[in-house]
Amino acid sequence: MVAFLPEAVVAQRVKAGNAIDRTRPPKPGPAPVIEIGDPVIYTLQNGIKVLVVENHKAPKITATYFIDRGPVLEGEKAGVTALMGSMLSEGTTKHSKDEFYAAADQISSEISFSETGGSAVAISRFFDQSFALLAEGLQQPSFLEAAFAKLKSQMITGLKSNEKNVKVVADLVQQAILYGKNTAMGEFPTAQSLGGLNLNDVNEMYRQGITPSRGYLTFVGDITPEKAKELAEKYFAEWKGVSITYPVIPPVDNPSATEIDLVDMPNAVQSEIAVANLISLKPGNPDYFPLLIANNILGGGAEARLFKNLREKHGFTYGAYSEIGAGRNQTSFKARAGVRNEKTDSAVTEILREIQLMRTEKISDEELKNAKALYNGNFALGTENPGTIARYTTDILINNLSKDYYCTYLQKVNAVTADDVLRVSGKYFNYNNMRIIVTGRAEDVLSGLRKLGYAVKQFDRFADPLPGSASVVKE
Amino acid sequence: MNVKFFIGGSMAVFLLGFMGKAIAQKIEFNEYDLDNGLHVILHRDNSAPVVAVSVMYHVGSKNEDPARTGFAHFFEHLLFEGSDNIRRGEFMKLVSANGGQNNANTTFDRTYYYEVFPSNQLELGLWLESERMLHPVINETGVSIQREVVKEEKRQRVDNQPYARIINNVFSGVFAGTPYRWQPIGSMDHLNQAKLDEFTGFFKKFYVPNNAVLSISGDIDIEKTIALVKAYFGEIPKGATVSQQVVNVTPITNTIIDTAYDANIQLPAIVGAYQTPGMTSKDARALELLAGVLSNGASSRLNKKMIDEKKEALKVEALSLSLESAGAFIFYAIPNGYISLNTLLEDISSEIKELQEHLISEKDFEKLMNQAENKYVAANARNNDVAENLASAYTFFNRQTNHVNTALEEIRAMTREDIRNAARKYLNDHQRLVLYYLPGR
């Protein structure tokens, strides 16, 4: 990796002493050369792909095991996958939870588990022990009835504790309304679904989901590829489990006409607004790069149009952003903001205005140039974290991208034109067939929202339609 | 190596022989003062083409007029509004349009502004921060827009946020009569009442080079950076000497019992808080270790007993908050199911008594030392972390920037007796505030 400030430029400005020109931003030096190293990759006999990124800057190693399982439809057992993930932290057949975490805490190793795997972080001299515990937790969980009962009751209490948390409820209902409550993407656990679970459900979910199949074991940090391979062979090569196929989820339609979906939270002092539609954008689709730029200009950060408009011009909100994603299954486009109750309808109007502008008018050359510069810069900043290379490589492997996908990433960003941005904005940002999901205090915001002229559907915090909340369309 | 030197007006710029690759975890740095009192700290790390440019102003909410709270945090917003040479709305755009990231944050004791850029944009970072220090635009337009933004920030982070007001209640009780009794977000009424000249007055008083640290970390050439820093910051006039607030905490001698309500919660919480010394005190280290014994990791005493064994708590935590001139040792627990808050309180209290009566085991002590080492290794992962840690060490540890390198040694010098003695000295029932934090209203 090479980066330098050219001597000529610096010397010139400094020679002038106090005569530096303050009226304009200084010119940058030549762009630093960014070289992305390739991680060492190999495959264990049971199919687990092992990635090693060697970086000795700090005496610390992180190991991550990730199973690329995809979304799981749980149905009436909603919550069982997450509960299984938590059960992995409840001890193994060799060590009780007490013993397991006494050992991990003693060496100050952070070991965590989830429904898609787990990770171990430790200072170098303790890493072997830490890694052994990670493997043990994943492969030999004890799944005891007492632990199950405890976690179940904690999860139910946890749901209760978030009942009035506007942000948490908004995140859940937005997914549920966008994808449908009975889909893998839209469903969420309730006290009832959790209450009906038993230990067998957890065992079965473990059998189906925690396995070498589609598994990626990544080492990042103060470790050589040889040492990592030795540890991977020792602790993961003999492991067996079911074979997983990545699920294909049937796509869901966007509404035929734009509608307002209002979720009532009587305690809210701010409305969480999401203006959203579903999109189909597979990884590697060339539309991805212009869409990245389009999203960045619309709502990528503090310099983007939504933020400038809703926060800096109107002071409606602390922040307004938009997001898009590529995925093997459907993903969503969302423009969102938390705004004070009385400005809810005004904020919706402004968000819609900005979306429509993206769809109908070409962005300026300056906006395009600035957005590209941001991605170029962020790409350089990403090299600060050795984990970035591991992330890029995993992305290439999982999504079957070309090997040079990230080496040519900036070329692809820099090739985007204003016409490309206009085209993809029209294609992926809906206007006449999207959802305006508002989670807030209906008493304060309903009348304003009705004036916007869209059908208004009301929901409770479980994303169920409210009885008697007929759609109202203003003439 | 840790060279400390000064550049005077007539003195030549020193050429520093920078050492080769830093030994593991030791942070090398150069530091000096400009004539105007600006303290400069430089750390070179060429492992990635990245540079963090930051300014830490030694002003936080504790420096505010009790009738004008929220000013320091308000300035965190206001100082993005532009300067004589940067039009309104251009500051953040200049950062992102040049591939950088930036932000700022405010605590009780200081405000921290930073940009992280690809390393060929170092000079841009210096220009932006020097413009902000030299001649920011503070006018009615910016003030009135940022007032609304800050109100939204408060709604989002406090008013709409479950359990967010615990800290207000705790600090107003534990730090009664001191400038730590209000939060950095401050009072919206005060911000509404404040006139423009009050804001400009606050700026002139606190945002002066002699009350700031310019801390730069990343892929830089030290000698060239020194020249650039002088070119951009040298002309900024020195301000009047800033005298820091004296914080005299009135000791709690009888337990304070308080109740508060939060409309955003369903489950109550029990909270306890004790008064402790400021961050440079040796006892502050002991109290951090005590918090670790109680709740760092699943095998810690409170987690193990209350969550796993008795299954009576959904969450329990003890933490030691060390501010510049005082601190607070705080615990809280949220019940699992229908357990009473008093049961949780009794269980936490008995664990604290245990720590007053008995030394922790050698093995537990070793665990704490490993945890401290881990924290230390993780603390300097990115250039912006390094820049902030260097600036904090200088600002708060009696100008001992090298505290970033000795912090771990300080902890390793602690004994089991130190830990027990701190529990005996600070964590007695009669010295605490107990808050029943309940759903409703």
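This is a predicted model: local features need pLDDT of at least 70, side-chain atom pairs count only at pLDDT 80 or more; totals for chains, interfaces and linings use all residues.
# A first look at chains A and B

Residues are numbered from 1 along each chain as its sequence is written, chains are lettered from A and ligands numbered from 1 in the order in which they are written, and side-chain values use heavy atoms, with hydrogens and water left out.

- A:Ser213 sits in the loop between helix H8 (199-209) and strand E6 (215-221) of chain A; helices (H or I, at least four residues) and strands (E, at least two) are DSSP runs numbered from the N terminus.
- With a relative accessible area of 14%, A:Ser213 is buried; the word means under 20% relative accessible area, with exposed over 50% and partly exposed in between, for a 1.4 Å probe and protein chains only.
- Neighbours within four places in sequence aside, A:Ser213 is in contact with A:Ile67, A:Val242, A:Ser243 and A:Ile244, where contact means heavy atoms within 4.5 Å.
- A:Gly299 belongs to helix H10 (residues 288-299) of chain A, and its relative accessibility of 1% makes it buried.
- The C-alpha atoms of A:Gly299 and A:Tyr321 are 4.3 Å apart, although 22 residues separate the two along the chain.
- Leaving out neighbours within four places in sequence, A:Gly299 is in contact with A:Ala304, A:Leu306, A:Tyr321 and A:Ser322.

**Positive phi values**

- Most residues other than glycine have a negative phi.
- A:Phe143 is not a glycine, yet its phi is positive, near 50 degrees.
- This phenylalanine, A:Phe143, is in the loop between helix H4 (127-139) and helix H5 (145-161) of chain A, and is buried at 7% relative accessibility.
- A:Ala463 also has a positive phi, of about 65 degrees, without being a glycine.
- You will find A:Ala463 in the segment after strand E12 (455-459) of chain A, buried at 8% relative accessibility.

**A helix pair in chain A**

- Helix H2 (residues 80-87) of chain A packs with H8(A) at an angle of about 85 degrees, their axes 9 Å apart; axes are lines fitted to C-alpha atoms, for helices over the stretch in contact, and angles run from 0 to 180 degrees between N-to-C directions.
- H2(A) is therefore roughly perpendicular to H8(A), given that 65 to 115 degrees counts as roughly perpendicular, under 35 as roughly parallel, over 145 as roughly antiparallel and the rest as oblique.
- On the H2(A) side are A:Val80, A:Thr81, A:Leu83, A:Met84 and A:Met87, which meet A:Leu199, A:Asp201, A:Val202, A:Met205 and A:Tyr206 in H8(A).
- This contact of H2(A) with H8(A) has eight nonpolar, one polar and one charged residues; Ala, Val, Leu, Ile, Met, Phe, Trp, Tyr, Cys and Pro count as nonpolar, Asp, Glu, Lys and Arg as charged, and the others, Gly among them, as polar.

**Helix pairs in chain B**

- Helix H3 (residues 122-134) and helix H8 (residues 222-233) of chain B have axes 9 Å apart and an angle of about 30 degrees, which means that H3(B) is roughly parallel to H8(B).
- Residues of H3(B), including B:Leu126, B:Trp127 and B:Met133, meet residues of H8(B), including B:Leu228 and B:Tyr232.
- The contact of H3(B) with H8(B) divides into eight nonpolar, two polar and two charged residues.
- Helix H11 (residues 341-357) and helix H15 (residues 416-426) of chain B cross at roughly 125 degrees, with axes that come within 7 Å, so H11(B) and H15(B) are oblique to each other.
- B:Leu355, B:Gln356 and B:Glu357 of H11(B) make this contact with B:Arg420, B:Ala423 and B:Arg424 of H15(B).
- The contact of H11(B) with H15(B) comprises two nonpolar, one polar and three charged residues.

**Around helix H14 of chain B**

- Helix H14 (residues 403-412) of chain B has as its buried residues B:His403, B:Val404, B:Asn405, B:Leu408 and B:Ile411.
- The buried residues of H14(B) pack against strand E2 (29-33), helix H9 (282-295), helix H12 (362-378) and helix H13 (383-396) of chain B.
- B:Ala372 lies in helix H12 of chain B and is buried, with a relative accessible area of 11%.
- Not counting residues up to four places away in sequence, B:Ala372 touches B:Leu408 and B:Ile411.
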